[in-house]
Amino acid sequence: MIGGFLILGKRYTLLECLSVLILVLGLMVFTIGDVYVQPEFSATGIFLVLLALVCDAFMGNYQERLMKQYAVSKSESILYTHAFGTLFCTLYLIFVNPNELRESIPYLMERSGLIFFLFIHSILYYVGIQFIISLLKISDAVTVVTVTSVRKAFTIVLSFVIFRKPFSLAYAFGTLLVFAGVYMKESGRFKKLTFRDI
């Protein structure tokens, strides 16, 4: 939402702001649940997740701007967005963490089956990105980030079903807040309040 305000000059209703705040609060509660359940929790991981969310918000709003301003196609958007991301990651591996790059190549060569799974992952990722870009063409970046956040929440809930993982009430409460935020954002039954209505 902040990205939409800064990049696109959008204005949001009070209800939209409140719904996003509740959604973010739900994700924070979920994360706090992880801290208590898994003592080997990493603050670096939290920082990287937050950085990824900021970059995701910037990218979604910037893509929306390019699509509307220059009529950029889905394929062009995907190509350039991921080409720059690949370039940044490659530069990071070469200049900041070269040991990881040196160790990963022999690791992949020893486990050739992983290359097949990486290929399948890439194809599925491309299909998923096509859906996300299609959604961005018919809606806005806030809706896209909401959809991807819900997908992430479903993935976490599914991880409890598939893998044995300790459960915390924070997970249940966080999930409830996430879905409440999404419901508030997407429901048409609420009166559209603005900050001027306060």
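Student: Does Glu110 count as buried or exposed?
Tutor: First, the labels: buried means under 20% relative accessible area, exposed over 50%, and partly exposed in between, with a 1.4 Å probe and protein chains only. Glu110 comes out at 62% relative accessibility, so Glu110 counts as exposed.

Student: What kind of model is this?
Tutor: Residues are numbered from 1 along each chain as its sequence is written, and side-chain values use heavy atoms, leaving out hydrogens and water. Local features need pLDDT of at least 70 and side-chain atom pairs pLDDT 80 or more, while totals for chains, interfaces and linings use all residues, since this model is predicted.

Student: Which residue forms a salt bridge with Glu110?
Tutor: Side chains of opposite charge can pair when their charged atoms come close. A salt bridge needs a side-chain nitrogen of Lys or Arg within 4 Å of a carboxyl oxygen of Asp or Glu. The structure holds one salt bridge. Its closest N and O atoms are 3.2 Å apart, and Glu110's partner is Arg111.

Student: How many helices does the protein chain have?
Tutor: Helices (H or I, at least four residues) and strands (E, at least two) are DSSP runs, numbered from the N terminus. Along the sequence you'd read α-α-α-α-α-α-α-α. There are zero strands, and the helix count is eight.

Student: What share of the residues counts as buried?
Tutor: We go by that under 20% cut-off again. Of the protein chain's 198 residues, the buried share is 27%.
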